[in-house]
Amino acid sequence: MTGVEVKVEGLTKSFGPATIWSDVTLTLPPGEVSVLLGPSGTGKSVFLKTLIGLLKPERGSIVINDVDLVRCRESELYEIRKLFGVLFQDGALFGSMNLYDNIAFPLREHTRKSESQIRDVVAEKMEMVGLAGDEGKLPGEISGGMRKRAGLARALVLDPAIILFDEPDSGLDPVRTAYLNQLIIDLNAQTDSTFLIVTHDINTAQTVPDNIGLLYRKHLAMFGPREQLLTSDEPVVAQFLNGRREGPIGMSEEKDTAQAEREMAEAGDLEGLPPLKPQLAPSTGMPDRQAVHRRRERVAAMLHELPEPARRAIEESEQDVPGPAWTGGDTDERPTDIHPRITDDTPPPPGRHQFRDGGA
Ligand SMILES: Nc1ncnc2c1ncn2[C@@H]1O[C@H](COP(=O)(O)OP(=O)(O)OP(=O)(O)O)[C@@H](O)[C@H]1O
Ligand SMILES: [Mg+2]
């Protein structure tokens, strides 16, 4: 199923007197992978829950297939929800059900499939996430990484057009995170669904998404092509990407500007942004990501609105992309030596078994 566009405008969410974020405006382009970054407690999970209509915002709109989720009838919301697959932050599996029943749950709840059809879908998705053979296990008997993947399999059973991941990589070791990132790109190539991933993993942010947003100080500080955030000179971006103490983000809250500036002056020469890494490509044998082609045109049309470093980074990465000539720049300088974007950093394709946790 081709992904659908999610258009969020002027969204504001409060709990009682506490505003979590306000005036959030962004569009998730159909079929593209977007990442949402932000310090802990800035309301990223609340944002995902608002997107699927579990939490009601005070202001703004969320439009999907011409329906505004904030104002639509209950029956319309029910239909729109079927477009979503969600991997909640804690996996949210039913503790008393084995993995098979957990993953079959949305199919039994939302479709009229027979048990034998359900068995086929569950087997396919469990194989996809490397859990084949673990059908009978209870969530309490498996590792955190396996629970994540079971949650992922459950999020996929209805072939959702929009997939939301809340920290799919938290609690995973770096190797499994690399496999998970590759799995996300491969899934996107296979489904062309629209993905939104909340993550704290900088490597994921650098190598997976087409677009990146940053929730910060109760606002969406930025949302755009990955190159825009990854080359941004905002102090908060450098602090985040380098994972350091000096900068506007504190342990329990965001620091005030004066304190942040003082600390940064005291720290002296802080390293700049890490170098831009290439985006992961689908594994060998996977289809092309359709979104990549759509994104090229979309980004070419908005290139003049982007800051200079982002524009330069996009133009440079364009030189690595195979396909018809790039039309975004003002010049025709395009090398003839084109090659696919695979580097030594690209992890090997996830042989299904390599992705499995070691042991039980
Ligand atoms: N149902 C709720 N009622 C009241 N307050 C809530 C509710 N859900 C979340 N909050 C508050 O909203 C704020 C944002 O929470 P949220 O879980 O979205 O943060 P987050 O950005 O996902 O953080 P983390 O990175 O640690 O997961 C927190 O202050 C939290 O206490
Ligand atoms: Mg969260």
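What follows is a conversation about a predicted model of one protein chain with a ligand.

Student: Before we start, how are residues, chains and ligands labelled, and which pLDDT cut-offs apply?

Tutor: Residues are numbered from 1 along each chain as its sequence is written, while chains are lettered from A and ligands numbered from 1 in the order in which they are written. Since this is a predicted model, local features need pLDDT of at least 70 and side-chain atom pairs count only at pLDDT 80 or more, whereas totals for chains, interfaces and linings use all residues.

Student: Good, thanks. How many helices and strands does the protein chain have?

Tutor: Both are DSSP runs numbered from the N terminus, with helices (H or I) of at least four residues and strands (E) of at least two. On that basis the protein chain has 12 helices and 10 strands.

Student: And what percentage of the residues count as buried?

Tutor: A residue is buried if 20 or more other C-beta atoms lie within 10 Å of its own, exposed if 12 or fewer, and partly exposed in between, with C-beta atoms placed from the backbone. For the 360 residues of the protein chain, the buried share is 38%.

Student: Which residue of strand 4 does Thr12 face?

Tutor: Strand 1 also runs antiparallel to strand 4 (residues 59-64), and 4 bridges join them. In that pairing, the residue opposite Thr12 is Arg59.

Student: Let's move to strand 7. Are its residues buried or exposed?

Tutor: Strand 7 spans residues 162-166. One side carries Ile162, Leu164 and Asp166, and the other Ile163 and Phe165.

Student: What is the handedness of the crossover from strand 7 to strand 8?

Tutor: Strand 7 pairs in the parallel sense with strand 8 (residues 194-198) over 5 bridges, and Ile162 has Thr194 as its bridge partner there. The chain crosses from strand 7 to strand 8 through helix 6 (residues 174-191). A crossover is right-handed if, with the strands pointing away from the viewer, the path from the first strand over the helix to the second runs clockwise. This β-α-β crossover is right-handed.

Student: Now the ligand. Which helix gives the most residues to the shell around ligand 1?

Tutor: Residues count as near a molecule if their C-beta atom, placed from the backbone, lies within 6 Å of it. Those around ligand 1 include Gly38, Ser40, Gly41, Thr42, Gly43, Lys44, Ser45 and Gln89. By class the shell has 3 nonpolar (Ala, Val, Leu, Ile, Met, Phe, Trp, Tyr, Cys and Pro), 7 polar (the others, Gly among them) and 1 charged (Asp, Glu, Lys and Arg) residues. With 3 residues, the most come from helix 1 (residues 44-51).

Note on methods
Two strands pair if DSSP finds at least two bridges between them.
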